[in-house]
Every structure is written in structure tokens, then in C-alpha cells.
Amino acid sequence: MIVDKLFEHVKERGHVCIGLDTDYSYLPETYAKQFKSKAEAIYNFNKEIIDATYDLAACYKVQIAYYEAIGIDGLKAYSDTLKYIKEKGQISIADIKRGDISKTAEMYAIGHFSGDFEADFVTLSPYMGINDSIEPFLKYIKEKEKGIFVLVRTSNKGAKDFQYIKDENGLNLYENVADMVEKLAEENSGSCGFSSIGSVVGATNNEESEALRKKLKTSFLLIPGYGAQGGRAEDIKAYLIGGNGAVVNSSRGILLAYKKESDGEKNFAMCARNEVIRMRDDIRAYL
């Protein structure tokens, strides 16, 4: 299962998931001007980041919104980025956050687990129900070596608008979602002991992290919120089991690392590499 490969990457390389949430404004100006279009510049920037970091990263997360915003050319850059990640022997997470009724979800599964936009994992919203929003993706986990990360508890401030609504038993909505995801995860676990049915759990709001991890015993975790959103390396430890079972995403912190250096624009890819090493070692120091 794809989770076994992800488990091995974490074991060998550390917990860093590099977020290629690449906005055109993130590119060094002199570098960007070499290309005919924004999409071409973004794709080539991504390639250089991948070339400099593929031996260090556990995986790459590509947020589709940054590419959709550019139009057709942007979606080609998205597709080419996913294909390049695969060429380098790496794991891709398509951050698409889809969640719709069954037939539409079935089309999303086809669209993002095959063809031009094929990825290893996708992120999903369970809000419209497990049978509707999640079920159509499950056959790809069993038959096509794919995986999913289901939104359970996110790191943004607005998470408390809905995710913390309590039921008649005093459980938060996100806890009920966690229980449902874990049930599915247990039915689809790999040889590593974790499942290709993973959960998105924010690095912030850490006061509930240990209790949440006890619910999600089998689910591999995708942890956003590190760095720019306030998540710290010390917040990660509670989510790990035996030092594994989670990847920690950083996007701007890695892509914009060059801005911290006086000659960073010329060496943006190496600056990204150095930031991945710093982040990896920062997390390891708390294990």
C-alpha cells in the first residue's frame, strides 16, 4: 500500500512534507522574468525545488487552487508538477479538498487518481457524509495503491465555527469525524501498521492532540500549520507513534526561505533545501 512507502520515507528522511502551494509572487523576480508565462515560471521553479529536496522530503503536497487561479496553463503546470514528482520517485498529495455526493465524488476520484491529474493521495472533506464523499475513493486504495487524507481537525482560526460543535454526548464534531475515519482506516491498514486512509490534523490547538491521536490509532496524519500558521516542532511529538505515522507540511517557510539570505534569489533552491534540513532536524530534536 502507498502508506507503506510513505512510512519508509518518514523513517529514512524525516517528517517534512513540502507544500508546492506556489504563488507567482513567491518566485524571485529575476528568475520569473526568464519565462514566457506565469505557469511556465511556476513549473520550472517547482522543478528546481524538487531537484534540490527530493532526497530529503517525505512527500510533496500540491495545492490545486494556486494553479487553477492561472487558468488552463496553470492546470498544465499542476499536472506537470505531479508528473515530475513521480519521475523523481517521490510521493504526491493533491490538496484538492473535494467533498460531494456519490456520483460527483466518483468523477473526482477518476479525475485525481488517473489521467492528467493523477496523484498518490488526495485530501477530502467528509462533510456530505462518509458514504457519499469518501466511499467512491476507497476502491482506489485497495486496487490502485492510492490514499486519502480526510479533514478531521484543521489549524485555521475558523475551525471552531463548526468543528468544535458538541453533540449530546459532549463530543466535538471533529471527534465524531475522527471516530468514523479511524473505523475505515482499520479496515485498510498496510504492513507498517498505519492506513492509507489518513487524516488532516492541524499542528496548532495542541491541547487536544494526545486525545485525538488515541482516537486515530491507525490513520496516518497530514499535519498542516507548521511555521507560518503558528505550529511548532514541539507540537508534533504528540501525533507520532514510535516516531512515525505523520508528515508535517510547510509551504511558504520552504518556498520563501531564500528571502532570509542576502544572495538568496540566486540560490533559492539551495535555500529551500537548507530549510528542509532545519525543519527536519527541528522536529527530530523533540522525538
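Predicted model: local features only at pLDDT ≥ 70, side-chain atom pairs only at ≥ 80, totals over all residues.
View 1. Residues are numbered from 1 along each chain as its sequence is written, and side-chain values use heavy atoms, with hydrogens and water left out. Helices (H or I, at least four residues) and strands (E, at least two) are DSSP runs, numbered from the N terminus. How far apart are the end C-alpha atoms of α3? They are 23 Å apart, which agrees with the 22 Å that its 16 residues (38-53) should span at 1.5 Å a residue; the expected span is 1.5 Å times one less than the number of residues.

View 2. Axes here are lines fitted to C-alpha atoms, for helices over the stretch in contact, and angles run from 0 to 180 degrees between N-to-C directions. On the α3 side, look for Phe45, Glu48, Ile49, Ala52 and Thr53; on the α11 side, Phe268, Ala269, Ala272, Arg273 and Val276 make the contact (heavy atoms within 4.5 Å). Sorted by type, the residues of this α3 and α11 contact are seven nonpolar, one polar and two charged. For the sorting, Ala, Val, Leu, Ile, Met, Phe, Trp, Tyr, Cys and Pro count as nonpolar, Asp, Glu, Lys and Arg as charged, and the others, Gly among them, as polar.

**View 3. Helix α6 packs on helix α7.** Here α6 (residues 102-113) and α7 (residues 130-143) pack at about 40°, with axes 8 Å apart. So α6 is oblique to α7. Which residues of α7 does α6 meet? They are Asp132, Ser133, Pro136, Phe137 and Tyr140, and they face Ser102, Ala105, Glu106, Tyr108, Ala109, Ile110 and Phe113 of α6. The α6 and α7 contact divides into eight nonpolar, two polar and two charged residues.

**View 4. Helix α5 and what it packs against.** The buried residues of α5 (72-87) include Gly74, Ala77, Tyr78 and Leu82. The buried residues of α5 pack against α3, β2 (59-63), α4 (65-68), β3 and α6. Just after α5 comes Gly89, with a positive phi of about 75°.

View 5. Most residues other than glycine have a negative phi. Lys97, in strand β3 (residues 92-98), has a phi near 45°. Glu145, in the loop between α7 and β5 (147-153), has a phi near 60°. Lys97 is partly exposed at 40% relative accessible area, and Glu145 is partly exposed at 42%.

**View 6. Lys217 in its loop.** Lys217 lies between α9 (209-215) and β7 (219-223). Is Lys217 buried or exposed? At 55% relative accessibility, Lys217 counts as exposed. Leaving out residues up to four places away in sequence, Lys217 touches Glu182, Phe194 and Ile241.

Conventions
Parallel < 35°, antiparallel > 145°, perpendicular 65-115°, else oblique. Buried < 20%, exposed > 50% of the residue type's maximum accessible area, 1.4 Å probe, protein only.
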